[in-house]
2 protein chains.
Amino acid sequence: MDRILALCTFVGAAVALLFAVITATRVLKFPEGTDKMKKISQSIRSGANAYLKRQYIIVSVFFAVMFVVLLAMAFLGLLTFYVPFAFITGGFFSALSGFVGMKIATAANARTANACREGLNKGLRVAFSAGSVMGFTVVGLGLFDIALWFSLLKFVFGETPETITSAMLTFGMGASSMALFARVGGGIFTKAADVGADLVGKVEAGIPEDDPRNPAVIADNVGDNVGDVAGMGADLYESYVGSVISACALGVVAFGTLNAMAVPMLIAAIGIVCSVLGTFLVRTKENATQKDLLGSLSRGTNFSAILIAIIAFPLVWFLLGEENIGLYVAILSGLVAGVLIGQATEYFTSDSYNPTKKLASKSETGSATIIIGGLGLGMMSTALPIVIIAVCILIAYFAAGDNNGLYGIALAAVGMLSTLGITLATDAYGPVADNAGGIAEMSGLEPEVRHRTDALDALGNTTAATGKGFAIGSAALTALALMASYIDKVKEVFRGIGKTNEEIQEVLKFDITDPTVLVGLFIGACLPFVFAALTMESVGKAAQSVVKEVRRQFHEIAGLMEGNADPDYAKCVSLCTKASLKEMVLPTVVAIVVPVVSGLILGFKGVVGLLGGATVSGFLLAIFMSNSGGAWDNAKKHIEGGNFGGKGSEQHKGAVVGDTVGDPFKDTSGPAINILIKLLSMVSIVFAALVVKYNLAQYLL
Amino acid sequence: MDRILALCTFVGAAVALLFAVITATRVLKFPEGTDKMKKISQSIRSGANAYLKRQYIIVSVFFAVMFVVLLAMAFLGLLTFYVPFAFITGGFFSALSGFVGMKIATAANARTANACREGLNKGLRVAFSAGSVMGFTVVGLGLFDIALWFSLLKFVFGETPETITSAMLTFGMGASSMALFARVGGGIFTKAADVGADLVGKVEAGIPEDDPRNPAVIADNVGDNVGDVAGMGADLYESYVGSVISACALGVVAFGTLNAMAVPMLIAAIGIVCSVLGTFLVRTKENATQKDLLGSLSRGTNFSAILIAIIAFPLVWFLLGEENIGLYVAILSGLVAGVLIGQATEYFTSDSYNPTKKLASKSETGSATIIIGGLGLGMMSTALPIVIIAVCILIAYFAAGDNNGLYGIALAAVGMLSTLGITLATDAYGPVADNAGGIAEMSGLEPEVRHRTDALDALGNTTAATGKGFAIGSAALTALALMASYIDKVKEVFRGIGKTNEEIQEVLKFDITDPTVLVGLFIGACLPFVFAALTMESVGKAAQSVVKEVRRQFHEIAGLMEGNADPDYAKCVSLCTKASLKEMVLPTVVAIVVPVVSGLILGFKGVVGLLGGATVSGFLLAIFMSNSGGAWDNAKKHIEGGNFGGKGSEQHKGAVVGDTVGDPFKDTSGPAINILIKLLSMVSIVFAALVVKYNLAQYLL
């Protein structure tokens, strides 16, 4: 059984990676277009490469330090020796996912623009293929890492399932740390460039978006790649791996058998195959409407989801027996909840629906009212996802049965992310289309091309909204699963120091009226707020430096506005690089230090409170910020589409302010919070032995 | 003992009310100034009266419906018959507190302006006296209501302490409902008028603040009275009463004796006497600087606080014995925490400190960056109060001892609010000074007068920040105490249906990993977000109607801008009245319906989760919104003070946008959340028997 499991998982990973390689080869066969297009694409590519290179250097230092810390802890008997190495591989594969995604995206942008010269369908194929490469690389590498460690620990070291899952949780921590760096750093870069380009270019100088005269325009396009592609790749690698390993860990605790580990691993493997099949359904006719395009993408994802739903049934039945078929319901509830949260997100942020239309109308009384309206919209939009996730939790928990309830919640997260290969493809193609539009604009292609890339881009906004729904929903469920894993870990530590099961049961209570749990709850709930503040502050700082530089270039470079001189693009790129790398460190350090310090003071009960508080408030804040930002963006686009005064009107100016505020909301702080809430749990798990053995609470309270 | 307690409490209430009456008489003796001043003051007064009258009519309908519901529940044996009546009195006294405060404030505004013609000290005396009337009316009526029900139930009906505190909690619910109506309705009114007046008057037409040509200027001044005075009066009545009765209830459970009830009641009574003494220290020399003025107010409040800290020691010793002297530490920790949260608030929102100065500097890159900066500042500012309240909770809980821990937390809230008489006086005088400034401007008094009222007003902003710190801090502690009372209430219901103590102990567990608790936590945490969204949306709607009306008047009334024709002030007032009263109903209904419905579905465990989630996220959101709003306001004032371009510059325009966004943040949504989190608990307590007996969870889960 165990060998079959390892084999199946490796095969799943291989299918994903093979498909990614084939697709990448196909994408690279498309021509890049005119020399000008090649040149622009090359600038973007080299900017993005330079950023990633420097990011990886800084991150390496962090990983080296953490490796030493973990190694020291292993020598002190607080960890197994697998942990430091697992930590490193998680970080490595997470970074690799982002890197591959960015490589293909920067290779596909000009190709997409060029394909759009021939037709919309061809453009969609190229962009979507590039997204697929990223999607399948993420799931492929994720599953490969899982299979690798499983095989290593099982067959080479002959470890117990408990030790295996325990080590796996550590590579989750590596992946999460890397993801946070990538998301925060990339998010700051992209939004600083975007805000800087917009504020001076669009608002002050009155030149259009992506105008080649704007010195920050290349930085803006680089940002799409390092933030929305490399950042997202690392992020979703982390989500995917996190959901699978937390389910494995809880499954082992609940059932004590490998079969319970097999369920999430095989669901993931099957999900890959179903997703590959789904991608073949994504194509559209020429002159397709927005609706046709969306339909084409939905066809692919829905097909994959239904296929998984069908196959999961016999899988659960066979592996866990008829009496545990409730766990299938748990998987299903996650799958459905993901779709529903995505739809709720779309309802609140797409200008096809009332909320965003009404928001756009608020521009008529100026920027203040559209800001108030957007903040209100975002806050209101938390209600529906909360209800959806609440119902999902209840169904998953009770369908799984009281003893396996938390395993059920973890499986719901796996169900939600099982179609990640294809949903991520539909998500990641957005930035490619966005870049393609930029290249079309900058290289002066026919308006028709830009029109087509805009259609692809607009669709990208919708699919990004759906993708965010999945990311947020799965983050909440996974964080809860990891919280449960933390409690199991604490149990294990207590057993290790010779406590009896009864003693442990007596201690392992996390009553909400217990003052340490309560205080933990307060501190945990505060963390996403602090984190959002830090990242927004960073974007603000970085953006201000870009604004000053762009203003300087407009002012000092003679003939720039007339198109007789070239701006110094590289200066803006290197400015963004420096600023974002400097600013990305503090938030990550906060995320790692606070749970450990809180634990050393409040003890493990405080940590559980902290994790609960962070999950709940992080979920709310992430939805609030993502949806406010998304709605502002689309309200602006709605106005640009000729409503409420159209482009250049006072209303449009107000909407641009809204969009600018929304930029760090939706692309920096919001998504980073998803990673934060899981990283907090993983850090707590890794440092559990330390906290349980040495905390102030046991002496004082 | 019980008679002495009743007597002391009545005496405390009488001292407060007598002092209020004497002070009011003294205020009314001051002359109102010129005929023009009288006329303007009269317009404000009649607008405010008209609003309150209509508000009370709508609220009466709500109270009548609730009365019938509660009566029906009493007939069904789900409540005692005291409950419906207690509910009504709580609402009545809360409304009365707001009403009296508004009466004196609208009487004192012209008098303050007039006194400022003679000198700053005199102006301060009049405004502060008016604030004192409000402060002592609130605490006097609060204590009177407590004493009244205590005496009635104890001496007339001979009830047990449990039944007494149980009924008292219900008048808390009445007070909270009324407070929420007053805060939300008044908050919408004042901000709709303010935003409307600013957006069209200041930004579009370019006329100064409080210019008599602005049709919304009277509405704006009326708003200060119905929102910042009447709303705040009702609000703090609720906080004060809530903290005392929740401490009484927990004290009875912890000690089973009247002595434990006596502690909070007597601390409140002594607090009143100390506060009265403190008011005599508030006076300042002529040509006082802002620092002198602040010093004068601080002298009064600090004196009162220290006096209470001294007297509370023998009181606790005598009533609860040497072994429980830890409860004194709990009271002290609350007193100190209140001061510290106030100082943290001031640090983040006053332009004497770096955060707000830096925020003002962000206006240099436009309104978007100042908005992002303000949101970040508000989110970051949650960290310090969270740490303060966390330490306060831990100290209060553990100083009180494990068995009395929650009683300790409740006493901390009482300690925090014990100086409410004088802190509210320093808080409520702000709107009076604000109004006085408006009257000075509109009636064309010498610039020197306006200069003096501005000095008073600026000080009012600082004291308001401190006041908000107390309001938020005490709300969190009281909400936790009420959550504990809810659990006690559930226990009582179980005992009533014949469960043994062991069975009850088995059931009364609120582990954070229990799915119903967890789901409750999610839903509860979401409520403040939804609530903030609803209220902001309402302000937006109401403001838009004001904007349109003001634009219409500027456009249609010939000679208005030249000062040859009068605007139609009354139209704006009635517009605000209508809009705010219409909008105030839904948020309150949500606050009452959601905990009951959640309870009927999830059971009492879900309710406890809900209350915990709402308290934590409400605390964070209230601080975030209040501080963002306060900082934007003061950043704007900082620029108006001649920094970063000064009045009329582009930077100033950006700051005005920030201030406008901050208006509903700090004066509508933020403060209303404080009431919300307590109302949720009180509603849950009243409906506890219903929820425990009839819930879906017990059948399904």
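Contact means heavy atoms within 4.5 Å. By that criterion, and leaving aside neighbours within four places in sequence, Leu534(A) is in contact with Leu586(A), Pro587(A), Val590(A) and Met380(B). The model is predicted: local features need pLDDT of at least 70, side-chain atom pairs count only at pLDDT 80 or more, and totals for chains, interfaces and linings use all residues. Residues are numbered from 1 along each chain as its sequence is written, chains are lettered from A and ligands numbered from 1 in the order in which they are written, and side-chain values use heavy atoms, with hydrogens and water left out.

- Chain A gives 69 residues to the contact, and chain B gives 69 residues.
- Because 100% of the interface residues of chain A are also interface residues in chain B, the copies meet through the same surface.
- About 6200 Å² is buried between chain A and chain B, 84% of it on carbon and sulfur atoms; buried area is the accessible area (1.4 Å probe) that two parts lose on being put together, summed over both.
- Met379(A), Phe522(A) and Phe529(A) supply 12% of the area that chain A buries against chain B, more than any other three residues.

**Leu534(A)**

- Leu534(A) lies in helix H17 (residues 515–556) of chain A; helices (H or I, at least four residues) and strands (E, at least two) are DSSP runs, numbered from the N terminus.
- Leu534(A) counts as buried at 13% relative accessibility; buried means under 20% relative accessible area, exposed over 50%, and partly exposed in between (1.4 Å probe, protein chains only).
- Leu586(A), one of the contacts of Leu534(A), is 52 residues from Leu534(A) in sequence and 8.1 Å from it in space, C-alpha to C-alpha.

- Pro355(A), Thr356(A), Leu359(A) and Ala360(A) are buried in helix H10 (residues 354–361) of chain A.
- These residues are on the same side of H10(A) because they cover an arc of only 135° around the axis, the arc being that of the directions from the helix axis to the C-beta atoms.
- The buried residues of H10(A) pack against helix H9 (326–349), helix H11 (367–380) and helix H19 (585–640) of chain A.
- Ile370(A) is placed in helix H11 of chain A and is buried, with a relative accessible area of 0%.
- Not counting residues up to four places away in sequence, Ile370(A) touches Leu359(A), Lys362(A), Ser363(A), Trp632(A), Gly654(A) and Ala655(A).

**Thr190(A)**

- Thr190(A) is found in helix H5 (residues 161–205) of chain A, and its relative accessibility of 0% makes it buried.
- Not counting residues up to four places away in sequence, Thr190(A) touches Asp220(A), Gly223(A), Asp224(A), Gly227(A) and Asp228(A).

**Aromatic rings**

- Over all chains, the structure holds 52 aromatic pairs; rings of Phe, Tyr and Trp (its six-membered ring) pair if their centres lie within 6.5 Å, with planes under 30 degrees apart counted as stacked, over 60 as edge-to-face and the rest as tilted.
- The ring centres of Phe92(A) and Phe93(A) are 5.5 Å apart and their planes are at 70°, so this pair is edge-to-face.
- Phe93(A) is buried, with a relative accessible area of 9%.
- Phe494(A) and Phe604(A) also form an edge-to-face pair, at 5.4 Å centre to centre and 80° between the planes.
- That pair links distant parts of the chain, with Phe494(A) in helix H15 (residues 447–496) of chain A and Phe604(A) in helix H19 of chain A, 110 residues apart.
- Both Phe494(A) and Phe604(A) are buried.
- Phe10(A), Phe92(A), Phe93(A) and Phe144(A) are linked into a cluster by ring pairs.

**Backbone at Phe644**

- Most residues other than glycine have a negative phi.
- Phe644(A) is not a glycine, yet has a positive phi of about 45°.
- Phe644(A) lies in the loop between H19 and helix H20 (650–686) of chain A and is partly exposed, with a relative accessible area of 27%.
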